[in-house]
Amino acid sequence: MNVVWCTRRIFQRPRLGKCNQIFKIVTKQITTTPIHPTQNSSNENTLPILYSYWHSSCSWRVRIALNFKNISYETRAINLRKPEGDQHTKEYSSVNPMHQVPTLVIDGHTIIESIAIINYLEETRPLPPLLPRDTYSRAKVREIVDIIASGIQPLQNLKVQKYIGKDKRKEWVQHWINSGFGALEKRLSTSAGKYCVGDEFSLADCCLMPQVFNAKKSEIDMRQYPIISRIETELEAVPAVIAAHPLNQPDCPTK
Ligand SMILES: N[C@@H](CCC(=O)N[C@@H](CS)C(=O)NCC(=O)O)C(=O)O
């Protein structure tokens, strides 16, 4: 397993310049310091550890939630793209037997699965909230989360793409993203305000932004999805989202 070593680096990407974020790497291992005061575990000396890969949409979901809740954390980079893949090492497999990122170590617990992690954060550190108060709005948030986290992302995962094979890969990914986004666009038409559900940023938005990023990488024509695209524009200006962007991660390759 690789830990990315870094003494100090400042991340300022012009592309994300709407709200410039500055991250100080203050320890030998990567530590992202959020903009606001911290909301950490009772043991102030122990930062939560996020096993993450810069390009992973599921890691990005958790990074957004951590940033949104002003929780300082340390990043341990798991390089999924190396031929032998850090996710398959014996050491990491004992942390996450699904051989996937993210994994969060927090409050003496090791939690895998991005949505389980974010729900833990929501329940242990409720402010600012990622779920609305109103029961029906919460259901809407969870509906959108499920469409993305169960209905779209698993079908485009790296190991699935490898299994499908090079020839079919692009068509497969585009098919399932378009199928999921078609449904999502219709459901968002019943809930969206500024964000996925009304005007409050939520767990649904933590999931939407990384999925749109992947869709664009997969050359999906986003003009088919005007509501998703409009929400994406709003999300591009949210500091917690910008700070969590793949290009702003310490393990993002410089080239
Ligand atoms: N349901 C899991 C999915 C995690 C997942 O698919 N992670 C991807 C990156 S986004 C991964 O680690 N893939 C490794 C692989 O396919 O080899 C979650 O939400 O955390």
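The points below take the chain as a whole, then the ligand shell, then selected helices, strands and residues.

1. Overall make-up. The model is predicted, and local features are taken at pLDDT of at least 70. The chain has 9 helices and 5 strands, in the order β-β-α-β-α-β-β-α-α-α-α-α-α-α from the N terminus. Of its 255 residues, 39% count as buried. Among contacts with a separation of 6 or more, 70% are between residues 24 or more positions apart.

2. Ligand shell. There are 16 residues around the ligand, and those that come nearest are Ser-56, Gln-100, Ser-114, Leu-158 and Lys-159. By type, the shell holds 7 nonpolar, 7 polar and 2 charged residues. At least two shell residues come from each of helix H1 (57–68), helix H3 (114–124) and helix H5 (158–164).

3. Position of the ligand relative to the domains. Domain 1 is assigned as 14–128 + 244–248 and domain 2 as 135–239. The ligand lies between the two domains, because both give residues to the shell around it.

4. Helix H7. This helix covers residues 203–217, 15 residues in total, and its first and last C-alpha atoms are 22 Å apart, close to the 21 Å expected at 1.5 Å a residue. Since 11 of the 15 residues are buried, H7 is largely enclosed by the rest of the structure. The buried set includes the run from Leu-203 to Val-212, and Ala-215 is also one of the buried residues. These residues pack against H1, H3, helix H4 (135–151), helix H6 (166–188), helix H8 (226–235) and helix H9 (239–244). Just after the helix, Glu-219 has a positive phi of about 60°.

5. Phe-213. This residue belongs to helix H7. The C-alpha of Phe-213 is 8.2 Å from that of Ser-57, although 156 residues separate the two along the chain.

6. Helix H6. H6 has 23 residues and spans 33 Å from first to last C-alpha, close to the expected 33 Å. Which residues of H6 are buried? They are Val-173, Ile-177, Gly-180, Phe-181, Leu-184 and Leu-188. An α-helix has 3.6 residues a turn, so residues three or four places apart point the same way. The cover over the buried residues of H6 includes H4, H5, H7 and H8.

7. Strands S2 and S3. Strand S2 (residues 49–52) and S3 run parallel and are joined by 4 bridges. Tyr-51 stands opposite Arg-76 in S3.

8. Arg-63. Apart from neighbours within four places in sequence, Arg-63 is in contact with Leu-50, Ser-52 and Ala-244. Its C-alpha lies 9.7 Å from that of Ser-114, at 51 residues' distance in sequence. Ser-114 is also one of the residues that come nearest to the ligand.

Note on methods:
Residues are numbered from 1 along each chain as its sequence is written. This is a predicted model: local features need pLDDT of at least 70, side-chain atom pairs count only at pLDDT 80 or more; totals for chains, interfaces and linings use all residues. A residue is near a molecule or strand if its C-beta atom, placed from the backbone, lies within 6 Å of it. Ala, Val, Leu, Ile, Met, Phe, Trp, Tyr, Cys and Pro count as nonpolar, Asp, Glu, Lys and Arg as charged, and the others, Gly among them, as polar. Domain bounds come from an automatic or database domain assignment. A residue is buried if 20 or more other C-beta atoms lie within 10 Å of its own, exposed if 12 or fewer, and partly exposed in between; C-beta atoms are placed from the backbone. Two residues are in contact if their C-beta atoms, placed from the backbone, lie within 7 Å. The expected span of a helix is 1.5 Å times one less than its number of residues. Two strands pair if DSSP finds at least two bridges between them.
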